Amino acid sequence: MKEVVSVNPSPPPLPPQLIRAKEPGYLDLTTEQVDRLISKEPIDQDYDVETEPFARGKYATVRRCRDKQTGKQYAAKFLRKRRRNADLRPEILHEVAVLEACTSNSRIVNLYKVFETSTEMILLLELAPGGELQMLLDRDEVPSEPELARLMRQILDGLQYLHSINVAHLDIKPQNLVLTADFPICDVKLCDFGISRYLSEGVDVREILGTPDYIAPEVLNYEPIDVQTDMW
């Protein structure tokens with residue numbers, strides 16, 4: 001469900017690195033970014049991709065892959081371009097644009113390349129060897145108070161940057177917080193910006209977005225989405 005209410009037909013201009021897409025709440029890429037980031041070559045030309053995913057989402061799978069020349073490992077996120085006859089390419093480009101806008105922030109996973117086929121787009125992302133924070137909780141490894149405070153500061157650093165460019169993540173949960181190494185000698189990073197939204201002044205975006213166990217009350221009440229929604 002989506003409702004967009006235009007309050008001001010002339011919102012202020014975006015920062016240079018952000019391009020507003022036609023769809024409210026979405027960002028787009030510049031021509032230079034498209035040429036630099038998106039490749040039509042098959043990913044297996046330069047990377048060995050594992051057959052089995054190590055992570056699955058509702059609309060994506062993530063597999064480990066290795067650069068054939070350097071041996072460096074990455075996470076390859078596979079996203080289908082169509083679902084139920086709907087064109088999802090603008091949504092995927094929005095996620096790419098958000099990641100590209102966050103390259104200067106060390107608390108958000110890095111995007112390196114995008115491979116596009118006739119049916120899929122594959123995001124080549126930084127691999128977090130420590131896995132999801134949820135895996136830590138599943139093992140009943142409870143961080144100490146100082147460890148938790150350090151991780152929380154890092155999460156908030158990432159959110160502060162996102163909010164400074166008027167992007168709300170909208171799906172903050174342990175599965176979308178990844179560890180850079182084995183706990184406790186690790187840092188934490190934010191990932192998965194598939195349902196994030198750019199919130200421009202003068203436009204209210206109302207959508208039912210998020211994971212049921214973590215969704216903010218104002219979203220369920222169909223109120224305008226705000227960056228404060230991430231603080232629930």
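## Helices and overall shape

Helices (H or I, at least four residues) and strands (E, at least two) are DSSP runs, numbered from the N terminus. The structure above is a predicted model, in which local features need pLDDT of at least 70 and side-chain atom pairs count only at pLDDT 80 or more, while totals for chains, interfaces and linings use all residues. Residues are numbered from 1 along each chain as its sequence is written, and side-chain values use heavy atoms, with hydrogens and water left out.

Let's start with the whole protein. Its secondary structure comes to five helices and 18 strands. The radius of gyration, taken over C-alpha atoms, is 18 Å, close to the 17 Å that the globule rule (2.2 Å times the number of residues to the power 0.38) gives for 232 residues, so the protein is as compact as a globular protein of that length. Along its principal axes, the C-alpha trace spans about 50 × 45 × 35 Å.

## Two domains

By an automatic or database domain assignment, the protein is divided into domain 1 (19-126) and domain 2 (131-230). Their C-alpha centres lie 20 Å apart. The contact between them (heavy atoms within 4.5 Å) takes 21 residues from domain 1 and 23 residues from domain 2.

There is also a record to consider: an unreviewed UniProt entry carries the annotation "domain: Protein kinase" for residues 48-232. UniProt positions are given in the numbering used here, feature names are shortened, and annotations may be inferred rather than shown by experiment. The span 48-232 is 23% helix and 29% strand, and its end C-alpha atoms lie 40 Å apart.

## The nonpolar cores

Of the protein's 232 residues, 45% count as buried (under 20% relative accessible area, with exposed over 50% and partly exposed in between, using a 1.4 Å probe and protein chains only). In soluble globular proteins, nonpolar side chains tend to be buried together. A nonpolar core is a set of buried Ala, Val, Leu, Ile, Met, Phe, Trp, Tyr and Cys residues joined through side-chain atoms within 4.5 Å.

The largest such core here has 46 residues, of which Leu-99, Ile-108, Leu-123, Leu-162 and Leu-190 touch the most other members. Helix H2 (residues 89-101) gives this core its largest share, seven residues. At least three core residues come from each of domain 1 (19-126) and domain 2 (131-230). Another core, of nine residues, lies apart from it and includes Ile-43, Cys-65, Tyr-74 and Leu-124.

## A closer look at helix H2

The expected span of a helix is 1.5 Å times one less than its number of residues. For the 13 residues of H2 that should be 18 Å, and the end C-alpha atoms are 18 Å apart, which agrees. Ten of these 13 residues are buried, so H2 is largely enclosed by the rest of the structure. Among the buried ones are Ile-92, Leu-93, Val-96 and Leu-99.

Leu-111 sits in strand E11 (residues 111-116) and counts as buried, at 8% relative accessibility. Not counting residues up to four places away in sequence, Leu-111 touches Val-96, Leu-99, Leu-123, Leu-124 and Leu-125. Twelve residues apart along the chain, Leu-111 and Leu-99 have C-alpha atoms separated by 6.2 Å. Leaving aside neighbours within four places in sequence, the contacts of Ile-108 include Leu-99, Glu-126, Tyr-161 and Leu-190.

Gly-202 lies in the loop between strand E17 (197-198) and strand E18 (203-207). With 23% relative accessibility, Gly-202 counts as partly exposed. Its C-alpha atom and that of Glu-126, 76 residues apart along the chain, are separated by 35 Å.
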